[in-house]
Each structure stands twice: as C-alpha cells, then as structure tokens.
Amino acid sequence: MRRQYLRLRFSAKYLRLVKWTILVILVVTLICMVTQWQSSGKMKVIVLEEHQLALKYWYQAVSRGTLPSHGNTLIHIDAHSDAALPEYLPQFPFFRAPKKDYEIDVMMQRNDVFVEGAVIAGLFDRVIWIWPSWDTGTHDEDHDISQEEVGWTVHGGQKVFCACKVTPESRQCDYAVNNTDLPLDPSSCNVLRDYSLEVVRDKAVLQLMKDEDWIEPDETIILDIDEDFYGVESAAAVLINAGIPLHVIERLDRQISRLLCPRNTWEENLADLYIFNILEAITARCMHHAHKNTPCKNTDGEITVFAYNFAKKKMDNQLKLHGEMFCFDMTHQTNLNEQLQSVITSLLELTHSQLGVLAETGFCLVSTSVLSEGYVPFQICHGLNFPNSSKITFHLPTRAEVIGRSFQLGEILPAFLANAKVVTIARSIRDGYTPRRYFRTIETDILNSLYASLKSSFSLLYSGDLLGGVKGWSQRHKH
C-alpha cells in the first residue's frame, strides 16, 4: 500500500513538473516572439482598426530607435486629411515629443485630429496627403503645396490650439472650439511649429514620382494607408435604406446599451453573437408566419413570448459563463429582465428582412476600449456617420473601381517604401467608413502590393483590438 502511495505521489509531482516545464517553455517562447518583433530589422506593417491608434505604433517605432522623434515625412493615403486641430488638454505633450504612454493616449482623441497632433509633437515636418479621385468635388487642385503653422491662443480664458495656412498671397488662421473651426486674427496665434503640407490627387502622384527631388534620399517616411481610400459608405444608411426608421435605430441603441456592457473586444464578440442568435431565432419564426413586409409582432400571438423566452434562456446561460458583459450586478436581475423585454419589443417592430439587415450590420462598442476611459456604449454597429447629418463625402465603389484602385496603389507605393520605416493600415470599419462588402478584397490587395514591393522583408502585425478579429467584421461568425 505504501509503495502504491509513493508511486501516486511521485506521479502527481511528475505531472506538476511537466505542467510547470510546459508553462516556462510557453512564456520563454512568447518573450522571444515579442523580443524578435521589437528587435527585428524588418520593417513593421501594422493593421489596426480606428486610425488614431496609428500614433501608438509610430511612437513604438520611435522608442525602438527605428524612427526619429522629429522631422519625419508622413505619406497619408486616405479619403480624409485627419488633420483637424485637437483639443488642448493639460496632459497633451505641448510642442514636444511624448514621454509617457498617457500622453500618447491624450493625442489619440479622435480619428480626424491625430495627424495634426503628431505635427504639434514634432513627429513630422512634412505631410503628403494623397486623396482619391472620386472626391474631386471637395478639392480645387490636383496638387497643392502650402506652408502650415501651428501654435496656441487663448479662448474664454482657456488655452487652445490654432493653425495658419501661409501662401504668397495671404496668411489665414483659425482655432478649434468644440470640434468647430473658427477664424482667428493671425496676430493672435502664437506659432511654435511649421511644416510643409502637400495635398495630392492620386492620379497626380505618378507624374510627381518622375521628379527625383520630390522625395529626398535621406527622408524618413511613415507610410499610412486608410482603407476608406477606396470608398466611404454610411453603415447607418444600409439600415435606413432597408426601411428601419431612424427613431427605432436610436431607441435600439439606447436599449441595447443598457442591456449589454462588454469591456473589451472578446466580450464585444460574445455580446454581438448573443444578439445575432436572438435575431436568427426571431427571423426563422417570423418567416414562416408573415409576408416579408409585415412586422414580426403581427405574425402570431405567441411570437413575443417565444422571443423573450428564447432570449432569456440564452441570457441565463451567458450570465453563468460571461456575466461581466451584461449591465448589472447580482442585485439587479429584475432590471436586466426589463431591459431584455424592451429590446425584444423593439426588434419585433421590424420585418424579417429588416432583422436580416440588422443581423448583418451587427453590434459593437462605439470605440475601441483602449481609446476610452470607463464606460463605452455597445449598440448597433452603424458607425459615426448618418446620411444628411455628416459633412463626409460618401462614395460606394464598384468592384471594377476597387480593382483599378488596387492597381493604382501598386504603382504608387514603391516610390515611398524605399524610405519607409513603418507602415500602418487602418481598417476604419468600426467608425463606419470603409465599404464592408469589399473589405476583404481591399485589405488583401493592399497587403499584396506591399508583398510585391518588399517581398518578405517586413513583419506583419494585426492589432489586438480589431473589430471582428483578424478575419474582420464580415467574417466574425464564420469558423
């Protein structure tokens, strides 16, 4: 008996030793992978979600010594300049390079101010914005060069950033208050930084590339590409075009944000799948009892009870496994049930075809959790831009346009890659810009263009906060 006990005891110790050995090997392997990524001489290509997250990776390149902290050139291939003035906050690195991570966080305020924020911090002294030909209506020239100045002024007793555009004929300045640009007397802008800005139409780049002096041999370049360069759609318009009233969209946003409170992208995917399963169940029952234009609540008298019971059972299962993604503590189960009932009631106002569009659009956090402190609303994944309430130019490309633009990028990119130190690619799906139906084709084509120019001489990294993961939002439910 004692001999058997000793054998069992030895086996237990052996198993623990094996487990610890495996754990140590995994940890060492992970450290080696991270170290290799940080120290590898290969250029880094990073795919990220919201565009302002590029700042995080640019300054990682600075900290690695790959990129100088001042005086670089930004090649910004994008439908938008992303160069609006940021809000001044005490933690903002005031005309100096950021020293702490929280200072970079402050610079990542919005997706339309991060370029100017990087200029203020001194990262760039030259910005070349390449815009797509489908947006000719908002540009006067194919190639415009200006000297830009950035400084500060005082408004209402508070320090704010200001900017001036300098041409041989004039010097025009403005400042930003509550995301609105207001004109400013040029003498009131205390200029602390200047840089060269070139605004170039995509078709004009090939001609400029023939000038050997356009890009100097010693320029250090950050190549930054937004996938909305191919086109910009309003994800909200897809819902409205399906006949879902705006007030129902807004009500569902409020109701869902009170039911589900995911804290990260993992819980975000679980929360989206939970609602998706509810929509599938309601749609399947609704299709068998109603015309496609009939609201599901009018199909049969039991559908409300069916939908609620189905959703409640699913919720109870999820509460046991992933209760943190719901908006409640253990003393408020009744309130959670009420929120679920309100969501079901609103969903049943829709037809089964509208529910299908809603399921395809999906549900997500308003912004990546790393960009916000505290609570981030979870709602329909329609992005930031609604039709007729945005200054954004919308353009839904054809498949032929997508192919043509990819061919064009393949011609343009080699001119910049020789001097590029880092490449960032923004998906811009969460904020509702890049056409979702072409997302996979767009990203694959961009990466193929890089492969064709660089072969295997770069490391590809996918950000951990991508909407829907590496495969993307449209593939989130496919395994």
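## Basis of the model

Residues are numbered from 1 along each chain as its sequence is written, and side-chain values use heavy atoms, with hydrogens and water left out. The model is predicted: local features need pLDDT of at least 70, side-chain atom pairs count only at pLDDT 80 or more, and totals for chains, interfaces and linings use all residues.

## Overall make-up

The chain has 14 helices and 13 strands. These are DSSP runs, numbered from the N terminus: helices are H or I with at least four residues, strands are E with at least two. The chain counts 479 residues, and 51% of them are buried. Buried means under 20% relative accessible area, exposed over 50%, and partly exposed in between (1.4 Å probe, protein chains only).

Take the contacts in the chain with a separation of 6 or more: 78% join residues 24 or more positions apart. A contact means heavy atoms within 4.5 Å.

## Disulfides

Five disulfides are present. Each is a pair of cysteine sulfur atoms within 2.5 Å. With the bonded cysteines numbered in sequence order, the pairing reads 1-4, 2-3, 5-8, 6-7, 9-10.

Cys 162 bonds to Cys 189, with 2.1 Å between the sulfur atoms. The S-S torsion of this pair is about 90°, so the disulfide is right-handed. Cys 162 sits in strand β5 (residues 158-166) and Cys 189 in the loop between β7 (180-184) and β8 (190-201), so the bond ties together parts 27 residues apart in sequence. Both Cys 162 and Cys 189 are buried. Cys 164 pairs with Cys 173 at an S to S distance of 2.0 Å. That link is right-handed too, with 105° about the S-S bond. Cys 164 is buried at 1% relative accessible area, and Cys 173 is buried at 7%.

The disulfide of Cys 261 and Cys 327 has its sulfurs 1.8 Å apart. Its torsion is about 105°, so it is right-handed. This pair links distant parts of the chain, 66 residues apart. Cys 261 lies in the loop between α7 (246-259) and α8, while Cys 327 lies in the loop between α9 (303-322) and α10 (333-347). Cys 261 and Cys 327 are both buried.

## Asp 272

Asp 272 belongs to helix α8 (residues 265-289). Its relative accessibility is 1%, so Asp 272 counts as buried. The Asp 272 side chain makes a polar contact of 2.8 Å with the side chain of His 477. A polar contact is a pair of N or O atoms within 3.5 Å; within protein, one must be able to donate a hydrogen and the other to accept it, and residues adjacent in sequence count only if both atoms are side-chain atoms.

Leaving aside residues up to four places away in sequence, Asp 272 touches Gly 362, Phe 363, Phe 378, Trp 473, Arg 476 and His 477.

## Second largest pocket

α11 gives the most to the lining of the second largest pocket, with three residues.
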